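Here is a short report for someone meeting this structure for the first time. It goes region by region.

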Amino acid sequence: MRTLLFALLTILSFHISVSQGLTDDMKDTEDQLRASTKQINQFFRRFNGEEDENGKRYYPTDKRYRDASLRRKYVPVLFDTQTSQIDGTTAKEFVKIITDKKSPAFLDFHTDDWFAEVSATFKYKGRSISGTLYMKLQPQGQGYEWIIQDVAFSQFSKWFDKASGSDKQFLHPMSHELDFMTLRKALDKQKHAEQYTSDTYTPDYLSIFLYELNQGNLTFVSAKNTAFHFFAIDGYYFSISNFNRPGYNSGWLISSLVPLANEDQKQQMKDYIYRKD
């Protein structure tokens, strides 16, 4: 009888121990999932203070909707604190500005200056190549749609290498007197005919991309990585990336933050992202 009682107590204590362990693990996982910003829409809501710490949505009629104190708590959590090189002073100033009670700044999913950068793999004439698509929202019917705004392909850009200075080839200014007969010599077997274009000429890689797709020379294989770039907050640029890792600092997080002193710096940053610098 004592043996049976001991066995029952042992089994009971084992189950209590396992249950306690599972409960702790599940709670920890639940906390992590709650802390992780799993969707872009959720990033917007947390940035704007439109949901509480437990994921409950706040609407314009709710008292705490876009509450400044809630945002001061949430926005610092939206920074990648493990791998990014974001300056702490810059981050604090950014949070202070966007949560200012008199003139707070929010993100608008549909109208703000933001876009996606999608790194992808393609097959080009049988070879695997990488390319980047820049995606932007535009109004469509009663809603919105993502459109391909621009592309960047090293495969395309290497075709264009316009020389300058004394190395630049040109057509003589009197060529018209000879019915431009010099064109034959200039363009025959030419690999860089861009030599004969204006100083302001820039290749239209999006048109080349679409042409090669439509001709069947280029096929999409898969998307590898996505990042989002924001110019929606005056005086700042920031990007967000997805960090799939254990712990609370995971999901879609701010991976870079750069103060922008003026419109020129803003354009320079865009040119850099679009690989047009």
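Leu133 stands opposite Val151 in β3. This contact belongs to a larger pairing in a model that is predicted. Strand β2 (residues 127-140) runs antiparallel to strand β3 (residues 143-152), and nine bridges connect them. The two strands form a hairpin with two residues between them. Gly141 sits in that turn and has a positive phi of about 60°.

Next comes helix α2. Eight of the nine residues of α2 (residues 40-48) are buried, so the helix is largely enclosed by the rest of the structure. Among the buried ones are Ile40, Phe43, Phe44 and Phe47. Gln42 and Asn48 are buried as well.

The structure holds eight salt bridges. Three of them are listed here.

| Salt bridge | N to O distance |
|---|---|
| Arg45 and Glu51 | 3.2 Å |
| Arg46 and Glu51 | 2.9 Å |
| Asp113 and Lys266 | 3.8 Å |

The Asp113 and Lys266 pair links distant parts of the chain, 153 residues apart. Asp113 is in the loop between α4 (88-98) and β1 (114-124), while Lys266 is in helix α8 (residues 263-273). Asp113 is partly exposed, with a relative accessible area of 22%.

Now the backbone in the loops. Most residues other than glycine have a negative phi. Which residues other than glycine have a positive value here? Arg66 is one of them, with phi near 60°. Arg66 lies in the loop between α2 and α3 (68-74). Its relative accessibility is 29%, so Arg66 counts as partly exposed. Asp179 is another, with phi near 55°. Asp179 lies in the loop between α5 (154-157) and α6 (182-187). Asp179 is exposed, with a relative accessible area of 68%.

Phe180 lies in that loop between α5 and α6 too. At 42% relative accessibility, Phe180 is partly exposed. Together with Leu183 and Leu187, Phe180 makes a nonpolar surface patch of about 260 Å².

Definitions and conventions: Residues are numbered from 1 along each chain as its sequence is written. This is a predicted model: local features need pLDDT of at least 70, side-chain atom pairs count only at pLDDT 80 or more; totals for chains, interfaces and linings use all residues. Side-chain values use heavy atoms; hydrogens and water are left out. Buried means under 20% relative accessible area, exposed over 50%, partly exposed in between (1.4 Å probe, protein chains only). Helices (H or I, at least four residues) and strands (E, at least two) are DSSP runs, numbered from the N terminus. Patches are made of residues with over 30% relative accessible area and no salt bridge: like charges are joined within 9 Å, nonpolar side chains (Val, Leu, Ile, Met, Phe, Trp, Tyr) within 5 Å. Accessible areas come from the Shrake-Rupley method with a 1.4 Å probe; for residues, only the protein chains shown count as cover. A salt bridge is a side-chain nitrogen of Lys or Arg within 4 Å of a carboxyl oxygen of Asp or Glu. Two strands pair if DSSP finds at least two bridges between them.
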